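The structure comes before the notes.

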Amino acid sequence: MIYTSILFLIYTFIIFLFNFNLSDTSENWQLSFQDPATPIMEGIINLHHDLMFFICAISIFVSWMLLRTVWHFNETNNSVASNLTHGTLIEIIWTTTPSIILLVIAIPSFSLLYAMDEIISPAITIKTLGHQWYWSYEYSDYLNTENETVNFDSYMIPEEDLELGHLRLLEVDNRMVIPVNTHIRIIISAADVLHSWAVPSLGVKCDAIPGRLNQASLFVKREGLYYGQCSEICGINHGFMPIVVEVVKLPNYIFWVSNKLGE
């Protein structure tokens, strides 16, 4: 346990050293996750850290056994080989112990898996459609005087058009805007080939399949800009269809929707 604690402290220090300035997009020399903004992503990170404890403990124990065996049972220290072929007790131990560890891991992982698939009475539904190579968004809950919904395309901003503060290959001309602390349902599909709508800080990664509707839920706990990218190889410009989710306060969201309906 002492060695496990020391290793975990070293691991935590390395993560802090390279990620002291947390953000919602990837950074150079990043070793850990992006800063979480949803309960689902917090659960994913907590599960990862819990699993890291078991991985460190098992790795140290197995390494200790291997080194001890090599040291004590080499030809110099043990010239007479043992004729032992079976050990009932040790075989029971090394069979039941991993099973118990897997059961301990399964309980929180199943809970998290069900939470990721659950859709809780969404206040807003947004349709997301993947194209080669851009995203389209439709806010079907709102209609203007001509019975038209809020819909727009989101293209990556070319490198030569970037402004100060924009992120290369990640900034778009039209961001998806949602309110903070609100249950959002994202309905995801594709118009041509397979795509995948993924935003790491929000803990969402959902395939966009032509002819099929997949859905994901969001409940973002803080305002900010959250960056993602298509995570399914979809053609030559696969790496050039980013996702930007802008989370704002509810009054600002209402103002944004009103302007979109006016357009």
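The model is predicted, so local features need pLDDT of at least 70 and side-chain atom pairs count only at pLDDT 80 or more, while totals for chains, interfaces and linings use all residues. Residues are numbered from 1 along each chain as its sequence is written, and side-chain values use heavy atoms, with hydrogens and water left out.

- C230 is in no disulfide, and the nearest cysteine sulfur, that of C234, is 3.9 Å away.
- C230 is buried at 5% relative accessibility, where buried means under 20% relative accessible area, exposed over 50% and partly exposed in between (1.4 Å probe, protein chains only).
- C56 is also buried, at 9% relative accessible area.

**Helix α4**

- Helices (H or I, at least four residues) and strands (E, at least two) are DSSP runs, numbered from the N terminus.
- Helix α4 covers residues 250–262, and its end C-alpha atoms are 18 Å apart.
- Y253, W256, V257 and K260 are the buried residues in α4.
- Seen down the axis of α4, the buried residues fall within an arc of 100 degrees, so they line one face of the helix; the arc is taken from the directions from the helix axis to the C-beta atoms.
- The face turned away from the buried side of α4 carries the exposed residues P251, F255 and G262.
- Packing against the buried residues of α4 (contact means heavy atoms within 4.5 Å) are β1 (124–131), β2 (134–139), β3 (150–154), β4 (176–179) and β10 (242–248).

**Aromatic rings**

- The whole structure holds nine aromatic pairs. Rings of Phe, Tyr and Trp (its six-membered ring) pair if their centres lie within 6.5 Å; planes under 30 degrees apart count as stacked, over 60 as edge-to-face and the rest as tilted.
- F53 and F54 pair edge-to-face, 5.6 Å centre to centre with 75 degrees between the planes.
- F53 is partly exposed at 37% relative accessibility, and F54 is partly exposed at 23%.
- F152 and W256 also pair edge-to-face, at 6.0 Å and 85 degrees.
- F152 lies in strand β3 and W256 in helix α4, so this pair ties together parts that are 104 residues apart in sequence.
- F152 is buried at 9% relative accessible area, and W256 is buried at 17%.
- One aromatic cluster is formed by Y137, Y139, Y142, F152, Y253 and W256.
- The charged end of K260 sits over the ring of F152, 4.8 Å from its centre; this requires NZ of Lys or CZ of Arg within 6 Å of the ring centre and within 35 degrees of the ring normal.

Key
Disulfide = S-S within 2.5 Å. Expected span 1.5 Å × (residues − 1).
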